[in-house]
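Q: I have a new structure open and would like to learn how to read it. Could you walk me through it, one feature at a time?

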Amino acid sequence: DPFTTVGGVGMKAHCEVDECAVEKSANCTSCAKGVCEAEGQECHDPDHWATALDDWTCTCALPSVGVATAQTAVCTIDECAEMSANCTTCAKGTCSNEGQACDDPDHSAAVLGDWTCTCPLPSVGVATAAAATCTIDECAETSANCTSCSKGTCSNEGQACDDPDHAAASLSDWTCTCPLPSVFGRCGVATAAAATCTIDECVRGDERELHVVLARRMHGRRAGVPRPGPQRREAARLDVHVP
C-alpha cells in the first residue's frame, strides 16, 4: 500500500502519499515516480493528502521553462532573453552590445543556437548565433533613419551616385559624378553633395573619357585615397594626349 497513515493521540488519522516518490500501480494510479525524470524534469507533489491526487507537477530544467500538472511539461527557451549560466547557447547580450536586435525563431528547448542578430536601420545585415556585420549603401538607402544618405541628391541632378565603402561606420563618403559628355575637372565629382558639371564641346570623346578617369583620381587623392597610378600611364593606355 503506497499510502501512509498519519495522525497522533487525540487526532484524527489521515492518509498521505507523495505521488512523485511512488511508482504508478493499481493501488496508486495517480503516482508518477520517474515520469518527469524520464524527460529531465523535476517532479513536485504540493499536497500529500490522499484526497489531493493528480496534483503533482513536472517542471523543466533551467535554462528552459515550462510546468505541467499530472503530465510532462513542454519546455521552451528564448535564447535571446535567457541570461542563465546554465545556457551555453544563449545570446547573452551578443546582439544588444552591438545595438542589434536579437530574435529566437523557435523557442523549443530542442532547437538551440538558432537565434539571430539583425542590424538596425538604415544599415542591413543578419547573422545566426553571432553579431551581424552591418553595411549601408548610402546611395541606395532612402530610409528616414539615414541622415547621411544621398536620398536622390545625385539622381535628381542626373548624376551617378557611388558609395565606395558600405561599412556602417563609414558614412557621408558617397559621391556624385557628372554624366558624359561633361568634362571632368576639379568640379566634376563631389563628396556628399551634387557635383558641378561643365562641358567643352571641342574635346574629343576619348579625351573626355580620360578626363573622367583623371578627375576621379584627383578627387580620390584630395579625399585621402592612395593614387592608383600615374596619369601618363593611363593616357598611354587610352592612346590619347594629355596636355
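A: Helices and strands here are DSSP runs, numbered from the N terminus: a helix is H or I with at least four residues, and a strand is E with at least two. By that rule the protein has two helices and eleven strands. This is a predicted model, in which local features need pLDDT of at least 70 and side-chain atom pairs count only at pLDDT 80 or more, while totals for chains, interfaces and linings use all residues. Residues are numbered from 1 along each chain as its sequence is written, and side-chain values use heavy atoms, with hydrogens and water left out.

Q: In what order do the elements of the protein run from the N terminus on?
A: They run β-β-β-β-β-β-β-β-β-β-β-α-α.

Q: How do I read a sheet, and what is the strand order in the open sheet of three strands?
A: Strands of a sheet pair through backbone hydrogen bonds, either parallel or antiparallel. Two strands count as paired if DSSP finds at least two bridges between them. Here the open sheet has the order 9-10-11, and its pairing is antiparallel. Strand 9 (160-162) and strand 11 (189-191) stand at the edges with a single partner strand each, so one side of each has no neighbour in the sheet. On average, neighbouring strands of this sheet are turned by 25° against each other, direction ignored; axes are lines fitted to C-alpha atoms, for helices over the stretch in contact, and angles run from 0 to 180 degrees between N-to-C directions.

Q: Over how many bridges do strand 10 and strand 11 pair?
A: Strand 10 (residues 175-177) pairs with strand 11 over three bridges, in the antiparallel sense.

Q: Is Lys24 buried or exposed, and what is it in contact with?
A: Lys24 is exposed, at a relative accessible area of 62%. It lies in the loop between strand 2 (14-16) and strand 3 (42-44). Contact means heavy atoms within 4.5 Å. Leaving aside neighbours within four places in sequence, Lys24 is in contact with Thr29 and Cys31. Its C-alpha atom is separated by 9.3 Å from that of Val35, eleven residues apart along the chain.

Q: And is Ser30 buried or exposed?
A: Ser30 is buried, at 4% relative accessibility, and its place is also in the loop between strand 2 and strand 3. Not counting residues up to four places away in sequence, Ser30 touches Glu19, Leu53, Asp54 and Trp56.

Q: Which residues make up the largest nonpolar core?
A: In soluble globular proteins, nonpolar side chains tend to be buried together. A nonpolar core is a set of buried Ala, Val, Leu, Ile, Met, Phe, Trp, Tyr and Cys residues joined through side-chain atoms within 4.5 Å. The largest one here has six residues: Cys20, Ala32, Cys36, Cys43, Trp56 and Cys58. With residues up to four places away in sequence left out, Ala32 touches Glu19, Val22 and Trp56.

Q: How many disulfides does a search of the whole structure find?
A: A disulfide is a pair of cysteine sulfur atoms within 2.5 Å, and the search finds twelve. One of them joins Cys60 to Cys75, with S to S 1.9 Å. The torsion about its S-S bond is about -95°, so this disulfide is left-handed. The pair links distant parts of the chain, 15 residues apart: Cys60 sits in the loop between strand 4 (57-59) and strand 5 (67-69), and Cys75 in the loop between strand 5 and strand 6 (101-103). Cys60 is buried, at 8%.

Q: Which residue is joined to Cys178 by a disulfide?
A: Cys178 is joined to Cys197, S to S 1.9 Å. Cys178 counts as buried at 5% relative accessibility, whereas Cys197 is partly exposed at 32%.

Note on methods:
Buried means under 20% relative accessible area, exposed over 50%, partly exposed in between (1.4 Å probe, protein chains only).
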